Amino acid sequence: MTLIKDGFFDADELKILPGVPSEERLKKGPVVVIECAQQIPCNPCEEACLKGAIEIGESIVNLPKLNADMCSGCGLCVAACPGQAIFVVDMAYSQTEATVQLPYEFLPCPKEGEVVAGLNRAGEKVCDAKVLKVLAPKKFDRTAVIKIAVPKNLGMIVRNIQLKNSDKED
Ligand code: SF4
Ligand code: SF4
């Protein structure tokens, strides 16, 4: 069985990943969503989490397992993942919006307050998204962590952004 169809996850595939929190946990507030399905020797996510919420276990090729109750949604692990497979989702942000923290490696970086396009896992534009925060300290190397607000029903859908004035925009 493969977890990946057409190069990205569908909703059912996500549910069986050990790094994806339950719907009940998602409703409670910010929590990490680890969309990692490649059994490769890799563990920066485990090392980045100071709370011990991510466990790879004895074999370094294990998929990262999340203990969602230990996760504060701090986002430290987002920039640490070389596969750009980690997000933080807050489904309790407001009555109408969720927030998503995602890794971003393009230049220029969006600015706080800017409205960008929210893209799904297939790279299709699904909404406008407001940039709430841009974190790009030196220790994150070339990966910025962008926090965006999206319509609440798209918190588990939006996984990338595109700047409005980007050449890539259709
Ligand atoms: S968001 Fe923070 S607390 Fe949660 S798994 Fe990542 S590093 Fe750990
Ligand atoms: S750092 Fe990223 S790619 Fe590596 S095991 Fe963790 S989630 Fe997977």
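These legends walk you through several close-up views of one predicted model.

The model is predicted, so local features need pLDDT of at least 70 and side-chain atom pairs count only at pLDDT 80 or more, while totals for chains, interfaces and linings use all residues. Residues are numbered from 1 along each chain as its sequence is written, chains are lettered from A and ligands numbered from 1 in the order in which they are written, and side-chain values use heavy atoms, with hydrogens and water left out.

**View 1. Ligand 1 sits in the largest cavity.** A cavity is a set of points on a 1 Å grid over the protein atoms alone where a 1.4 Å probe fits but cannot get out, and a molecule sits there if more than half of its atoms lie within 2 Å of the grid points. The residues around ligand 1 (a heavy atom within 4 Å) include Val32, Cys49, Lys51, Cys71, Cys74 and Cys77. By class, this shell has 8 nonpolar, 3 polar and 1 charged.

**View 2. Ligand 2 sits in the largest pocket.** A pocket is an open set of grid points with protein on both sides within 12 Å along at least five of seven lines. Look for Ile34, Cys36, Cys42, Pro44, Cys45, Pro64, Cys81, Pro82 and Ile86 around ligand 2. Its shell has 9 nonpolar, no polar and no charged residues.

**View 3. The largest nonpolar core has 48 residues.** Such a core joins buried Ala, Val, Leu, Ile, Met, Phe, Trp, Tyr and Cys residues through side-chain atoms within 4.5 Å. Val32, Leu66, Ile86, Ile146, Ile148 and Val150 have the most contacts inside it.

**View 4. Val150 is found in strand 8.** Val150 is buried (under 20% relative accessible area, with a 1.4 Å probe and protein chains only), at 0%. Leaving aside residues up to four places away in sequence, Val150 has contacts (heavy atoms within 4.5 Å) that include Thr96, Cys127 and Val158. Lys130 is 20 residues from Val150 in sequence, yet their C-alpha atoms are 7.0 Å apart.

View 5. Most residues other than glycine have a negative phi, and most peptide bonds are trans.

Conventions:
On a 1 Å grid over the protein atoms alone, a cavity is a set of points where a 1.4 Å probe fits but cannot get out, and a pocket is an open set with protein on both sides within 12 Å along at least five of seven lines; lining residues have an atom within 4 Å of a point. Ala, Val, Leu, Ile, Met, Phe, Trp, Tyr, Cys and Pro count as nonpolar, Asp, Glu, Lys and Arg as charged, and the others, Gly among them, as polar. Buried means under 20% relative accessible area, exposed over 50%, partly exposed in between (1.4 Å probe, protein chains only). Helices (H or I, at least four residues) and strands (E, at least two) are DSSP runs, numbered from the N terminus.
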